[in-house]
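Please open the structure in a viewer and keep the selection panel at hand.

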Amino acid sequence: MGTLDGKVALVTGGRGGIGRAVVSRFEREGAHVYAADLAEGGSLPGDGHGTGEFLRLDVTLEGDVAAAMDRVRGERGRLDVLVNAAGVEIEKTIEETTLEEWNRCFAVNVTGMFLTSKHALPLLREAAGRGAGASVVNFGSYDGFIADPGLAAYCASKGAVHALTRAMACDHGPEGIRVNAVCPGYVDTPMLRSFFAGEASGGGGKTLDQLQSAVRNVHPLRTYGTPGDVANLVNWLASDEARYASGQLWVLDGGLSAQVQQMNL
Amino acid sequence: MRLSGKRAVVTGGRQGIGRAIVDAFLAEGCRVETCGRGERPDGIDGAVGWTKLDVSDPGSAGEFASAVGEIDILVNNAGIQVEKTVVDSSDADWDLVMGANARGVFNLCRAFIPIMARGGSVINLGSISGRAADPSMALYNASKAFVHGLTRSIAVDHGPDIRCNAICPGWIETGMLEAGFALAGDPEAARADAIARHASGRFGRPGDIAAMAVWLASEEAGFATGQLFTVDGGLTAASPLRPGLFQ
């Protein structure tokens with residue numbers, strides 16, 4: 001028996017690095033899962049198409065989002081779990097960021113979350129009304145608490161996600177809808193590989209292997225996370241075991257942010 | 001002058017941050033009484049009162065408060081750092097660190113709050129290490145988290161008569177910091193690496209912390225209570241993942 005037997009879930013960014021892991025974990029736990037994304041293979045280079053029922057979705061377009069929820073209602077008649085994992089990263093300081101890039105980052109990371117949550121609410125409310133409980137899991141980040149260099153718009157957008165998470169939990173808790181955010185630290189995904197290989201990180205001259213080996217050593221657990229680690233937490237928050245969990249920001253980072261900077265002494 | 005006519009007690013005024021707070025309070029027109037475990041240090045202003053006092057001893061703290069009488073400002077600065085993990089720490093280490101940093105703050109607060117003037121300000125020295133951990137500083141980190149919790153309790157229990165806040169310094173140029181670098185394999189490289197992690201491009205100076213203490217003690221901070229004020233040059237605003245600093 002799975003922890004999500006009989007539930008229907010929709011995962012935005014469902015073909016991205018962490019989204020894929022969430023989709024396949026949900027399927028193993030017995031849920032019917034829609035993997036919503038811009039393209040079947042996701043928007044960053046990955047391996048193949050991933051699992052879950054593909055649903056083409058641009059979270060920044062309200063018409064797309066409304067159509068997606070209509071499809072879920074028509075095909076399945078219910079939605080128990082919404083995971084807002086779609087996100088983009090602009091690897092620049094505010095001075096280098098154009099207004100267009102800033103708006104794109106907020107459109108996907110924040111406005112997209114607003115739109116999918118808003119249009120999923122009627123379905124989630126019905127699920128909660130049946131006594132099954134409904135769960136929204138948003139993707140925040142440790143970057144919403146402390147800053148990485150050259151990621152200004154991303155850091156700000158994740159801070160907004162954290163506040164939106166608490167606001168949604170507050171407004172819709174009385175209807176039986178739980179809302180939480182997971183705040184991953186360094187997780188091995190195409191997005192973070194791109195950040196580390198890029199200019200903005202300040203790691204110029206080092207190979208990806210050298211950088212990732214150094215990254216391991218900055219963590220108290222001496223390892224960085226995998227998408228599966230994050231899927232473990234998302235799965236718990238989506239399941240009925242987490243029935244008392246709402247409005248919280250769940251940091252999952254191998255102890256990274258429990259320490260003051262790790263000085264080279 | 002922002003503190004004229006006020007009366008303050010600052011614990012641990014011999015050196016470093018405590019001494020800077022004593023000097024800043026004096027410059028703002030405050031009458032200052034300070035204390036330490038040893039004899040009166042050389043060079044301290046003649047107007048400053050000195051009492052030989054171990055803050056960890058409840059009886060002495062009470063006698064000190066009776067002798068000093070009513071005050072407006074209490075700064076609990078005295079503190080001790082032992083660089084060990086939990087497993088390496090002895091019972092004597094516990095008594096030393098928790099005695100000064102935790103029990104000492106409790107002792108002074110219990111002794112002085114009943115005789116503080118209405119509108120008084122208690123300022124405790126917490127630390128960024130009470131919010132996130134510095135390695136091999138287990139008891140110190142925990143003792144500062146105690147200070148943070150006690151700060152909120154005092155603010156809640158003793159408002160509106162008394163305000164209580166904590167300052168959480170980051171890395172401040174003191175003898176303690178220099179001793180740390182001296183132990184590094186390459187002290188100069190260690191220093192450069194640590195500075196590179198500060199958005200300020202420098203470590204703090206005792207005066208940076210004293211400036212915050214003056215503000216918290218002053219009427220300008222009349223609505224500030226129960227809070228932790230971090231003054232660390234941006235150190236803890238930044239992620240520890242700094243590829244430019246990887247070795």
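Select strand 4 of chain B together with strand 5 (residues 116-125) of chain B: five bridges join these two strands, which run parallel. The model is a predicted one. Within this pair, locate Leu74(B), which stands opposite Val122(B) in strand 5 of chain B.

Now keep strand 4 of chain B (residues 71-76) alone. How many of its residues are buried? Six of the six are buried, so this strand is largely enclosed by the rest of the structure.

Proceed to the helices of chain B. Select helix 1 (residues 16-27) and helix 7 (residues 206-217) of chain B, which pack at an angle of about 50° with their axes 8 Å apart. The two helices of chain B are therefore oblique to each other, and helix 1 of chain B passes helix 7 of chain B in a right-handed crossing. To see the contact, display side chains of helix 1 of chain B, including Ile17(B), Ala20(B), Ile21(B) and Phe25(B), and of helix 7 of chain B, including Ile209(B), Ala213(B) and Val214(B). By class, this contact between helix 1 and helix 7 of chain B has 11 nonpolar, two polar and one charged residues.

Show both chains next. The contact between them takes 23 residues from chain B and 24 residues from chain A. On the side of chain B that touches chain A, there are 14 nonpolar, five polar and four charged residues.

Finally, turn to chain A and select its strands. Seven strands form an open sheet in the order 3-2-1-4-5-6-7, with parallel pairing. Which strands stand at the edges? They are strand 3 (53-56) and strand 7 (249-252) of chain A; each has a single partner strand, so one side of each is left without a neighbour in the sheet. On average, neighbouring strands of this sheet are turned by 20° against each other, direction ignored.

Definitions and conventions:
Residues numbered from 1 in each chain as written. Chains lettered and ligands numbered in written order. Predicted model: local features only at pLDDT ≥ 70, side-chain atom pairs only at ≥ 80, totals over all residues. Pairing = 2+ DSSP bridges. Helix = DSSP H or I, 4+ residues; strand = E, 2+ residues; numbered from the N terminus. Axes fitted to C-alpha atoms, helices over the stretch in contact; angles between N-to-C directions. Contact = placed C-beta atoms within 7 Å. Nonpolar A, V, L, I, M, F, W, Y, C, P; charged D, E, K, R; others polar. Parallel < 35°, antiparallel > 145°, perpendicular 65-115°, else oblique. Left-handed = near helix turned anticlockwise from the far one by under 90°. Buried ≥ 20, exposed ≤ 12 C-beta atoms within 10 Å, placed from the backbone.
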